[in-house]
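Here are my notes for you, written as a colleague would jot them down. Have a look at the picture first, then read along.

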Amino acid sequence: MRSPVVINLRAVLPCFFFIFILYLTGFYFGGWFLIIFYLLFFFLVLNVIHIVLTALFLKYSQEFSTTHPIKGEGVDFRWYVIMESFVPGCRITVSLIGTRGTWETESERVEFFPGSRKTFTREYTIMCPFRGI
């Protein structure tokens, strides 16, 4: 199972390198460089707090219309992403991967911004080639 939080190091490392250079420049020269460093560091901390709040208050659920389908029956599948915080969340990417047959796979990526105290829902109908759970 993949981790729910994925960090792109190619995007993060240049940001940290720039903030580090700004830190050295600010404490060596002072003045505006130091003010810009404190401002960017404040926004970095705010972004991290926003990501943590999104991870803490984001809940997800799924449900099927039946647990024992008959061969050839369509099963309704619904998944919900619920944001329980008063603060809107940051961008969420959901990857749905399904298999059909032996090696055939389908995938879908859904990106959305969860609003405060909102529910994001998707519904699918899956045709069952076999009988059972």
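The points below go from the whole chain to single residues.

1. First, some ground rules. This is a predicted model, where local features need pLDDT of at least 70 and side-chain atom pairs count only at pLDDT 80 or more, while totals for chains, interfaces and linings use all residues. Residues are numbered from 1 along each chain as its sequence is written, and side-chain values use heavy atoms, with hydrogens and water left out.

2. Now the overall layout. The protein chain has two helices and five strands, and from the N terminus on they run α-α-β-β-β-β-β. Helices (H or I, at least four residues) and strands (E, at least two) are DSSP runs, numbered from the N terminus.

3. Of the 133 residues, 15% count as buried. Buried means under 20% relative accessible area, exposed means over 50%, and partly exposed is in between (1.4 Å probe, protein chains only).

4. Here's a patch to look for. F17, F20, I21, Y23, L24, F27 and Y38 make a nonpolar surface patch of about 720 Å². Patches are made of residues with over 30% relative accessible area and no salt bridge, joining like charges within 9 Å and nonpolar side chains (Val, Leu, Ile, Met, Phe, Trp, Tyr) within 5 Å. A salt bridge, by the way, is a side-chain nitrogen of Lys or Arg within 4 Å of a carboxyl oxygen of Asp or Glu. Helix α1 (residues 9-29) gives the most to this patch, with six residues. L24 lies in that helix, α1, and is partly exposed at a relative accessible area of 43%.

5. Next, the rings. The structure holds 14 aromatic pairs. The rings of F27 and Y38 have their centres 6.4 Å apart and their planes at 85°, so this pair is edge-to-face. F27 lies in helix α1 and Y38 in helix α2 (residues 32-57), so the pair ties together parts that are 11 residues apart in sequence. For the cut-offs, rings of Phe, Tyr and Trp (its six-membered ring) pair if their centres lie within 6.5 Å, and planes under 30 degrees apart count as stacked, over 60 as edge-to-face and the rest as tilted. F27 is partly exposed at 47% relative accessible area, and Y38 is partly exposed at 45%. F20, Y23, F27, F37, Y38 and F41 form one aromatic cluster.

6. Is T54 buried or exposed? T54, in helix α2, counts as buried, with 4% relative accessibility. Not counting residues up to four places away in sequence, T54 touches M83, G89, C90 and I92; contact means heavy atoms within 4.5 Å.

7. Then there's E123, in strand β5 (residues 119-127). E123 counts as partly exposed, at 49% relative accessibility. Its side chain makes a polar contact with the side chain of R78 (3.2 Å). A polar contact is a pair of N or O atoms within 3.5 Å; within protein, one must be able to donate a hydrogen and the other to accept it, and residues adjacent in sequence count only if both atoms are side-chain atoms.

Methods:
Accessible areas come from the Shrake-Rupley method with a 1.4 Å probe; for residues, only the protein chains shown count as cover.
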